[in-house]
Amino acid sequence: MKENLEVFRKNAYEFIDWIVEYLRDVEKYPVKSQVKPKEIYNKLPSRPPDTGEAIEVIFEDFKKIILPGITHWQNPNFHAYFPANSSNPSMLAEMLMSALGVQNMKWETSPAATELEERVMNWLKEMTGLPESFSGVIQDTASTSTLAAIITAREKYSDFKINSDGFKDFENLRVYCSTEAHSSIEKAVKIAGLGKNNLVKIKVDEKFAMIPSELENAVNRDIENGFKPVCVIAALGTTGSTAVDPLEEITAICSKYKLWLHVDAAYAGSALILPEYRWMIKGIEQADSFVFNPHKWLFTNFDCSAYFVKDKGNLIRTFEILPEYLKTLSDNKVNNYCDWGIPLGRRFRALKLWFVIRNFGVKGLQEKLRCHISIANNIADKIKCDKEFEILAPVTFNVICFRYKPDGKTEEELNMLNEKILHSVNSTGKMYFTHTKLNGKYTLRLVIGQTNVTQNHLEKSWKLINETAKSLK
Ligand SMILES: *Cc1c(COP(=O)(O)O)cnc(C)c1O
């Protein structure tokens with residue numbers, strides 16, 4: 001054991017040296033991995049080793065075989081999807097988490113893990129302006145949080161009868177979200193047993209936000225036709241274009257028809273730490289549940305999703321399970337977070353959130369976000385100044401949706417041209433961005449959210465996009 005630990009110490013120091021160099025040189029790697037399908041797979045032996053191999057040998061293969069197949073999310077020229085940004089305090093906490101190897105299912109399985117989670121979730125409430133009366137719990141992802149919300153809404157609606165007896169008296173339950181809402185909602189509706197044809201997609205306005213009157217019409221139409229409206233999901237920051245659904249008007253409809261309101265702010269929820277974005281959650285006291293991902297734009301390594309509910313009683317009643325082997329003396333005095341969601345076992349994620357919030361400080365986090373937003377606005381201004389480019393959605397946060405639109409091309413030609421620009425730029429390895437479709441238009445999507453991104457990175461990226469576009473016209 002002691003000898004093993006000395007080997008571990010040596011390996012660990014070597015890894016740290018490598019990690020520091022990796023992070024220092026991360027911009028030298030092609031941002032998007034340039035490998036072909038199965039290239040990595042075919043380099044790996046078809047059979048596992050019979051006897052153990054030294055860490056040094058495995059590490060060499062990691063560098064030689066694995067690294068070329070990595071897309072470098074922590075490269076500041078990563079502008080794809082949404083960021084999964086990380087930070088030094090978060091990585092350090094992840095190291096401690098893995099050393100402790102804690103299973104945070106119940107209070108007794110590590111009281112500090114549970115109590116730190118309760119504390120940092122309360123900090124997040126204060127930081128984001130969520131109501132003090134909400135209760136928070138960390139889930140792995142927003143997909144899981146939204147699934148928990150939809151199942152809880154279903155149970156509250158059926159007075160917990162679906163949990164006990166199945167669906168026999170509860171057919172045609174309906175869920176509503178906008179046409180721009182995230183695919184995790186459809187997945188959750190399927191898993192919750194409601195049937196994806198019972199997910200009603202509501203039309204959006206010219207800013208890609210849900211039209212409340214369309215929501216109310218759909219609910220009324222459903223009631224007339226014998227359907228049972230249960231739950232509405234409002235998006236604060238859609239994935240395609242970061243559109244913000246009008247929460248206050250949606251809450252009014254949910255109150256009127258007694259519908260569960262879940263708020264999916266997976267990405268843009270982080271912006272609530274800036275007072276200038278609190279307009280988004282006007283009316284939030286009326287919502288039943290809310291999710292945002294510190295693992296996207298709050299410098300906390302994937303995975304860490306912050307889920308808040310108005311009434312923790314409904315959540316716990318939906319998921320609680322108490323077999324004999326899980327009973328403990330403290331059950332009625334403490335939070336047992338395994339009853340607040342789907343998995344039993346839970347990582348000690350609160351630790352990295354704690355390290356991040358303390359090491360940055362609220363002001364430090366605010367500065368970072370404001371810096372990203374201001375870079376996005378500067379670059380959007382440059383794009384607007386070039387008459388051959390077109391901005392396709394409001395730049396509300398740090399995401400720019402745009403396309404190249406030289407004169408004399410049909411819509412179809414423009415779609416093909418912009419797709420070509422995207423692939424051509426990404427194949428240089430100098431930056432990585434992705435696309436979406438807005439109103440049928442192939443849309444380039446530039447996200448400025450990597451922890452260490454600067455104006456200078458974006459100046460270069462914009463130049464590369466611009467030159468590539470003009471060379472392909
Ligand atoms: C990213 C995203 C999700 C899914 O997040 P996961 O944590 O990966 O499940 C859900 N909703 C929105 C709006 C998102 O942007």
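Author: Start at C401. Its closest cysteine sulfur belongs to C177, and the gap is 18 Å, which is too far for a bond. C401 counts as buried, because its relative accessibility is 1%. Keep in mind that this is a predicted model.

How many disulfides are there? The count comes to 0. C385 is in no disulfide either; the nearest cysteine sulfur is that of C401, 19 Å away. C385 has a relative accessible area of 64%, so it is exposed. C401, by contrast, is buried.

Now for charge. Side chains of opposite charge can pair when their charged atoms come close. In this structure there are 27 salt bridges. Let us look at some of them.

Take R346 and E117. Their side chains meet in a salt bridge, with N and O 2.7 Å apart. Where do the two partners sit? R346 is in the loop between helix 11 (312-319) and helix 12 (350-385), while E117 is in helix 4 (residues 111-128). The two are 229 residues apart, so this pair links distant parts of the chain. Buried or exposed? R346 has a relative accessible area of 7%, so it is buried. E117 is at 1%, so it is buried as well.

Next comes R174 with D222. The closest N and O atoms of this salt bridge are 2.9 Å apart. R174 lies in strand 3 (residues 173-178), and D222 lies in helix 8 (residues 212-224), so the bridge ties together parts that are 48 residues apart in sequence. R174 and D222 are both buried.

K201 belongs to strand 4 (residues 199-202), and E186 belongs to helix 7 (residues 183-191); 15 residues separate them. What about cover? K201 has a relative accessible area of 43%, so it counts as partly exposed. E186 has 25%, so it too is partly exposed.

Some bridges share partners. In this way E94, D303, R347, R349 and K352 are joined into one network. Stay with D303 for a moment. It sits in the loop between helix 10 (294-297) and strand 8 (305-309). The peptide bond that leads from F302 to D303 is cis, with omega near 10 degrees.

That brings us to the backbone. Most residues other than glycine have a negative phi, and most peptide bonds are trans. D159 lies in the loop between helix 5 (142-157) and helix 6 (161-165). At 47% relative accessibility, D159 is partly exposed. F208 is another, with a positive phi of about 70 degrees, and it is not a glycine either. F208 is in the loop between strand 4 and helix 8. Recall that K201 is in strand 4 and that D222 is in helix 8. At 3% relative accessibility, F208 counts as buried.

So far we have followed single partners. Look at helix 13 (residues 411-426). It has 16 residues and spans 23 Å from its first C-alpha to its last, close to the expected 22 Å. Its buried residues are L414, N415, L417, N418, I421, L422, V425 and N426. What covers them? The cover includes strand 10 (399-404), strand 11 (432-438), strand 12 (441-447) and helix 14 (455-472).

F15, I16, I19, V20, L23, I55, V57, I58, L92 and M95 make a nonpolar patch of about 770 Å². Helix 1 (2-24), helix 2 (55-66) and helix 3 (88-100) each supply at least two of its residues. Which helix gives the most? Helix 1 does, with 5 residues. I19 is found in helix 1. It counts as partly exposed, because its relative accessibility is 31%.

Methods:
Residues are numbered from 1 along each chain as its sequence is written. This is a predicted model: local features need pLDDT of at least 70, side-chain atom pairs count only at pLDDT 80 or more; totals for chains, interfaces and linings use all residues. Side-chain values use heavy atoms; hydrogens and water are left out. Patches are made of residues with over 30% relative accessible area and no salt bridge: like charges are joined within 9 Å, nonpolar side chains (Val, Leu, Ile, Met, Phe, Trp, Tyr) within 5 Å. Accessible areas come from the Shrake-Rupley method with a 1.4 Å probe; for residues, only the protein chains shown count as cover. A salt bridge is a side-chain nitrogen of Lys or Arg within 4 Å of a carboxyl oxygen of Asp or Glu. Helices (H or I, at least four residues) and strands (E, at least two) are DSSP runs, numbered from the N terminus. Buried means under 20% relative accessible area, exposed over 50%, partly exposed in between (1.4 Å probe, protein chains only). The expected span of a helix is 1.5 Å times one less than its number of residues. Contact means heavy atoms within 4.5 Å. A disulfide is a pair of cysteine sulfur atoms within 2.5 Å.
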